[in-house]
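Here is a friendly briefing to read alongside the structure. Please have a look at the fold before going through the points.

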Amino acid sequence: MALLPILEFPDPRLRTQAASVDPVRIPSPDFQRLIDDMFESMYEAPGIGLAASQVDVHQRFMVIDVSEDKSRPLVFINPEITARNGDQVYQEGCLSVPGIFADVTRSNEITVRALDRNGQSFEMHADGLLAVCIQHEMDHLVGKLFVDYLSPLKREMVRKKLAKQRRLAGDAA
């Protein structure tokens, strides 16, 4: 397995619309290795979700594990939300926007249909943190980031803060 570089805001590649995964590709060793590499990269970061778009692979799939002990890895290939209910405000962060957290309103409960890592179709009802995470990662697949839910002023402040962090990290190297 290998760690994959995670794109950071405002990288324009994060705005790319992901294409559907051809189900024929799912069982291939290369695709399965990519899934494993994404899990390794997500756990190392550390994070609870990672969309393929964040590692510059513009295909509609994502990996998630919201368990405390990282024991419940989930793969969603070509996901679609088929039902939504209620609203919740959750303070979100993102591996592509490191060190930044903001309140975002999302659906409290969702039903999602997708293919698993073996290409088998499944449907899942999710609420709370898992529902937030699924919605957050699905946004990445359409080129949307959680900072897009912020006002333009706050989004610009985030961009400047990240640029400063990168400059300081470069000076320290």
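The notes below cover an annotated site, an aromatic pair and the nonpolar cores.

This is a predicted model, in which local features need pLDDT of at least 70, side-chain atom pairs count only at pLDDT 80 or more, and totals for chains, interfaces and linings use all residues. Residues are numbered from 1 along each chain as its sequence is written, and side-chain values use heavy atoms, with hydrogens and water left out.

**Annotated binding site**

- An unreviewed UniProt entry annotates Cys-94, His-136 and His-140 as "binding site"; positions follow the numbering used here, feature names are shortened, and annotations may be inferred rather than shown by experiment.
- These residues span 47 residues in sequence, yet no two of their C-alpha atoms are more than 10.3 Å apart, so they gather at one spot.
- His-136 lies in helix H2 (residues 128–141), and His-140 lies in helix H2 as well; helices (H or I, at least four residues) and strands (E, at least two) are DSSP runs, numbered from the N terminus.
- His-136 counts as buried at 7% relative accessibility, and His-140 is buried at 1% (buried means under 20% relative accessible area, exposed over 50%, partly exposed in between, with a 1.4 Å probe and protein chains only).
- Not counting residues up to four places away in sequence, His-136 touches Glu-92, Gly-93, Cys-94, Arg-106 and Phe-146 (contact means heavy atoms within 4.5 Å).

**Aromatic pairing**

- The structure holds 3 aromatic pairs (rings of Phe, Tyr and Trp, the last by its six-membered ring, with centres within 6.5 Å; planes under 30 degrees apart count as stacked, over 60 as edge-to-face and the rest as tilted).
- Phe-76 and Phe-122 form a tilted pair, at 5.6 Å centre to centre and 50 degrees between the planes.
- Phe-76 lies in strand E3 (residues 74–94) and Phe-122 in strand E5 (residues 121–127), so the pair ties together parts that are 46 residues apart in sequence.
- Phe-76 is buried, at 0%, whereas Phe-122 is partly exposed, at 21%.

**Nonpolar cores**

- The largest nonpolar core has 18 residues, and among those with the most contacts inside it are Phe-31, Ile-35 and Phe-61 (a core is a set of buried Ala, Val, Leu, Ile, Met, Phe, Trp, Tyr and Cys residues joined through side-chain atoms within 4.5 Å).
- Helix H1 (29–44), strand E2 (61–64) and E3 each give two or more residues to this core, with the largest share, 6 residues, coming from H1.
- A second, separate core of 16 residues includes Ala-51, Ile-110, Met-124 and Met-138.
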